[in-house]
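Subject: A structure to look through

Dear colleague,

I am passing on a structure for you to open beside this message. Please keep it in view while you read, and look up each part as it is named.

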Amino acid sequence: GRTLRPEAAAVELPAALDRWTAIWLEQGFAPIRAAWRDRARDLGRDVIARLPNETVAGRALDLAPDGSLVLALPDGRERRIAAGDVFPLARSA
């Protein structure tokens, strides 16, 4: 939620990665998942996931314990997205 000059980001990013890596190694993925969920502004909203061979639209439901994004698809099924570019669609409730 803040703007950093590139020089400051180059210093802060490695420090943040080191901190989160240490948390992961000491405590596992659960605290990282919790922190992500606390900051995820698009949970409960419609998103589009661009994958290597397809594009998937759905509602972002959660971050699964394995780190994949859980989407609710329009047909009622759920799909996990392990890797891709995810963007918000029109703001929805």
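Strands β1 and β5 are joined by four bridges and run antiparallel, and within this pairing V47 stands opposite P88 in β5. Two strands are said to pair here if DSSP finds at least two bridges between them, while the elements themselves are DSSP runs numbered from the N terminus, helices being H or I with at least four residues and strands being E with at least two.

A word on the origin of the model belongs here. This is a predicted model, in which local features need pLDDT of at least 70 and side-chain atom pairs count only at pLDDT 80 or more, whereas totals for chains, interfaces and linings use all residues. Residues are numbered from 1 along each chain as its sequence is written, and side-chain values use heavy atoms, with hydrogens and water left out.

On its other pairing, β1 (residues 46-50) meets β2 in the antiparallel sense over five bridges, and the two strands form a hairpin with four residues between them.

Taken together, the five strands form an open sheet in the order β4-β3-β2-β1-β5, with antiparallel pairing. Strands β4 (78-81) and β5 (85-88) stand at the edges and have a single partner strand each, so one side of each is left without a neighbour in the sheet. Neighbouring strands of this sheet are turned by 45° against each other on average, direction ignored.

The helices come next. Helix α1 (residues 6-27) and α2 pack at an angle of about 130°, and their axes are 9 Å apart; the axes are lines fitted to C-alpha atoms, for helices over the stretch in contact, and angles run from 0 to 180 degrees between N-to-C directions. The two helices are therefore oblique to each other, given that angles under 35 degrees count as roughly parallel, over 145 as roughly antiparallel, 65 to 115 as roughly perpendicular and the rest as oblique.

Which residues in α1 and α2 meet? From α1 there are W20, I23, W24 and Q27, and from α2 there are P31, I32, A35 and R39, where contact means heavy atoms within 4.5 Å. By class, this contact has six nonpolar, one polar and one charged residues; Ala, Val, Leu, Ile, Met, Phe, Trp, Tyr, Cys and Pro count as nonpolar, Asp, Glu, Lys and Arg as charged, and the others, Gly among them, as polar.

W20, which lies in helix α1, is in contact with P31, I32, A35 and R39 when its neighbours within four places in sequence are left aside. At 27% relative accessibility, W20 counts as partly exposed, since buried means under 20% relative accessible area, exposed over 50%, and partly exposed in between (1.4 Å probe, protein chains only).

Helix α2 (residues 30-39) lies across β2 (55-63) and β3, running at about 110° to β2.

Finally, some values for the whole protein. There are two helices and five strands, which run α-α-β-β-β-β-β from the N terminus on. The C-alpha trace spans about 45 × 30 × 30 Å along its principal axes, and buried residues make up 23% of the 93 residues. Of the contacts with a separation of 6 or more, 39% come from residues 24 or more positions apart.
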